[in-house]
Amino acid sequence: MSDNVFMAGYGGQGILLIGNLLACAAILENKNATYFPAYGPEKRGGAATCTVIVSREEIGSPVMGHPDSMLLFNQLAMDKYVNRIASGGLCIYNSCLVDEMPKLQTDIHKLAIPANEMAAELGNARLVNMVILGAYAARTGVVSMDSLKSGLDSILPERNKRFIPGNILALDCGAEYARKAAGRS
Amino acid sequence: MAPNEQTVFQRPSSLKEVPTHYCAGCHHGTVHRLVAEAIDLLDVQQQTIGIGSVGCSVLLYDYFDIDVVEAPHGRAPAVGTGVKRVHPDSVVFTYQGDGDLAAIGTAEIIHAANRGELITVIFLNNTTYGMTGGQMAPTTLPGQVTTTSPYGRDVTKEGYPIRVAELLAMLGGTAFSARVAVDTPKRVMEAGRTILKAFEMQVKKQGFAFVEVLGACPTNWGMSAIEANERVGKEMMDYFPLGVYKDITASG
Amino acid sequence: MKKRLFVKGNEAVAMGALEAGCRYYFGYPITPQNDIPEFMSREMPKVGGTFVQAESEVAAINMVLGAGAAGGRVMTSSSGPGISLKAEGMSFMAGSEVPAVIVNIQRPGPGLGGIDVSQADYFQAVKGAGHGGYHLIVLAPHSVQELYDLTMLAFDLADRYRIPAMVLGDAMLGQMKEALVPHAHQLPEDLPPKDWAITGKGGRAKGNAVKSLYLADGELEAHNWHLHAKYAQLKEKETRFEAVGLEDAELILTAFGGAARIVKTAIAMARKEGLKVGLIRPITVFPFPAEIYRTATAKTPKVLCVELNNGQMVEDVRLSVDPMADVRFYGRPGGTGSLPDPEEIFAQICKHYKD
């Protein structure tokens, strides 16, 4: 059994950072994990996607055609990828940058998060990624919040460690939102 | 040896006692000897490593009694870089011809010089590809007939001879760059002193040292040994002036 | 529990090299392997090693030739277009028996091609990219851990057999991150001394010559038979492979490197559906593990070879199998949007399993 998640958005939204963080947290929990980024010739502003797979067993492919979950950060990513989510899978998306849900071909679970607004309330627009990752972790339980928090310390370069408290706040905020949403549904 | 005799000339100990494969009148033998004398004078035969190139001088290991590695065509300065980085206290020299150094190996020589690699480069310029049969070289003179410029080198189509000593002197990493010739006894002596200086600078870790030697290739020039020797002074030196183009150890 | 690091494949190569005692690195930037020179430029000075960013791949491989001939543990890394430029140097190194490690983190081609995942350089790696008819040892890792472990092994094999060794990775393995258990390298005690290396004569009676030019009567032929004997010895002693589920297999899948990762997931899907599918994964692609193919296909004749190219290793598979075997191929050459997923390979398994 594996948990696999595909994440997509604009370059600069911190997609690759949370992919790294999730895989790192899983490894801290002594699970196996792969992180596989897709990359283009440009360093900034293009599309950013990655796949993270977490498993207790040996992981084969680091990519899946039909991932169990997707974290979609904008309309472009939504339009392009949502119909590849495995039947019965989960789509967590940033409702601030997604206006419209395409017509879906399969049954999936959806969780809309106003991540831009929440990040702005936290005082840092760049925390969108952590809000969404927090929600994903709380919703699926694939890794614990504690592991994510420890992972931040391993993942972030020294010069960015001062952002750890803000990132933790955003992870908690996203997790809280997911729990409340589960309570409502 | 009789009591009243003394040795005034002998084979340098860095050269092996073997017959030469070079053509009559070829200057490789002279330059080999000058290099060997420099190695002997500095007493570094045991730590000298030669980098052979592709061309007539490929058989460096047949003549020099030292360790030698053979480089692909033009790559001797890169091979020398690798060797020197592993054995920084060794004395590394490349020995290259004009096709090897100034055509296919242009990038390697320029960048080795520019990095200031602590190696010595001996460059024999005889205005032609010797081993492959007298084709046009980057140093072939304007109008010179070769097997691939049968109507004479046309500078409008084939470009100009490259003056390597001047070119390398412009690079920040070059410590020493000079051009000498070996067509007269006096110039042979001068060439010997210059080559010694280029090796000495390496031993003293003063930087990249380059010596271009003008030499003759009678076979491919279609000349007798004497005619070819004369051509070096008559035709080559006008285009390739002798001199020291850079010497960071010179005062003033 | 052993310490587990979370490491990018390219960096695992560099870490393995340093652990194996590599102290000389010469290279030139090219995507998707730039983490290797970047890591080396940062870490080599800390261990007293040498990092040189060469002016070209051509210069880099020749610096490797020089350092290897001088007896150093030396490495370079690149990707397809750069490996083409290194072909000349690799031929010279094979001919003059210079040990070194060359890493190819493959990208799709031909020409500039692309920068995504591909196994387009199998032929180039195992058939000898340069002139003259020679082989390198070619190791094909399929995980970050193996990138680390097999890079170490590559140094030892190169030194043992006096031969250049290649680590054949790809953009998937190079760019992905997963767990790595670091461990101390155990230098084999029986490695032959490098008494052939050029070090300066240092009092030796005869100078050493590291060379590939042989002009005397019969000399070159003798040298080539000597190299050939070495390749035969490699085939006998150094083939490595992973075989899974061959006991009950009705269909054998075979793949190397990154493709094997995708195939492993597809096989798990197939097994879940009750399909009896096995796997042969060559770890050395030269020497190619021919024997396991012969014995396995004598029992299970149907083989599906999956590659991230249009069919390269499949030629070696066909040369290795039992004469009655039925070898099929599925592959995609790579490029943006051209990485097959496990579901796609699973569909191929279902198709070939039936007919």
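Me: Which exposed residues sit on the face of helix H5(A) turned away from its buried side?
Reply: Happy to start there, and note that this is a predicted model. The buried residues of H5(A), which spans residues 145-155, are A:Ser147, A:Leu148, A:Gly151, A:Leu152 and A:Ile155. Seen down the helix axis, these fall within an arc of 150°, so they line one face. The face turned away from them carries A:Asp146 and A:Asp153.

Me: And what covers the buried residues of H5(A)?
Reply: Those buried residues include A:Leu148 and A:Leu152. Their cover includes three helices of chain A: H1 (15-28), H4 (128-140) and H6 (164-184).

Me: Is B:Asn220 buried or exposed?
Reply: B:Asn220 is found in helix H9 of chain B, residues 218-221. Leaving aside neighbours within four places in sequence, B:Asn220 is in contact with B:Thr128, B:Gly130, B:Gly133 and B:Gly134. A residue counts as buried if 20 or more other C-beta atoms lie within 10 Å of its own. B:Asn220 has 24 within that distance, so the residue is buried.

Me: Now to chains B and C: which element gives the most to the side of chain B that touches chain C?
Reply: The contact takes 29 residues from chain B and 36 residues from chain C. On the chain B side, strand E1 (48-52), strand E2 (67-70), helix H3 (76-86) and helix H5 (106-115) each supply at least two residues. The residues of that side divide into 13 nonpolar, ten polar and six charged. With eight residues, the element that gives the most is H3(B).

Me: Which residue of E9(C) stands opposite B:Val69?
Reply: Strand E2(B) pairs with strand E9 of chain C, residues 209-210, in the parallel sense over two bridges. Opposite B:Val69 stands C:Val210.

Me: Which are the edge strands of the open seven-stranded sheet in chain C?
Reply: The strand order is E3-E2-E4-E5-E7-E6-E13, with mixed pairing. Two of these strands each pair on one side only. They are E3 (50-53) and E13 (284-286) of chain C.

Me: What is the bridge partner of C:Val138 in E13(C)?
Reply: Strand E6 of chain C covers residues 137-139, and two bridges join E6 to E13(C). The two strands run antiparallel. The partner of C:Val138 is C:Phe286.

Me: What angle does the direction of helix H6(C) make with that of E7(C)?
Reply: Helix H4 of chain C (80-95) lies across E4, E5 and E7 of chain C, at about 155° to E5(C). Helix H6 of chain C (144-161) packs on the sheet, touching E5, E6 and E7. The direction of H6(C) makes with that of E7(C) an angle of about 165°.

Technical notes: Residues are numbered from 1 along each chain as its sequence is written. Chains are lettered from A and ligands numbered from 1 in the order in which they are written. This is a predicted model: local features need pLDDT of at least 70, side-chain atom pairs count only at pLDDT 80 or more; totals for chains, interfaces and linings use all residues. Two residues are in contact if their C-beta atoms, placed from the backbone, lie within 7 Å. Helices (H or I, at least four residues) and strands (E, at least two) are DSSP runs, numbered from the N terminus. Ala, Val, Leu, Ile, Met, Phe, Trp, Tyr, Cys and Pro count as nonpolar, Asp, Glu, Lys and Arg as charged, and the others, Gly among them, as polar. Two strands pair if DSSP finds at least two bridges between them. A residue is buried if 20 or more other C-beta atoms lie within 10 Å of its own, exposed if 12 or fewer, and partly exposed in between; C-beta atoms are placed from the backbone. The arc is that of the directions from the helix axis to the C-beta atoms. Axes are lines fitted to C-alpha atoms, for helices over the stretch in contact, and angles run from 0 to 180 degrees between N-to-C directions.
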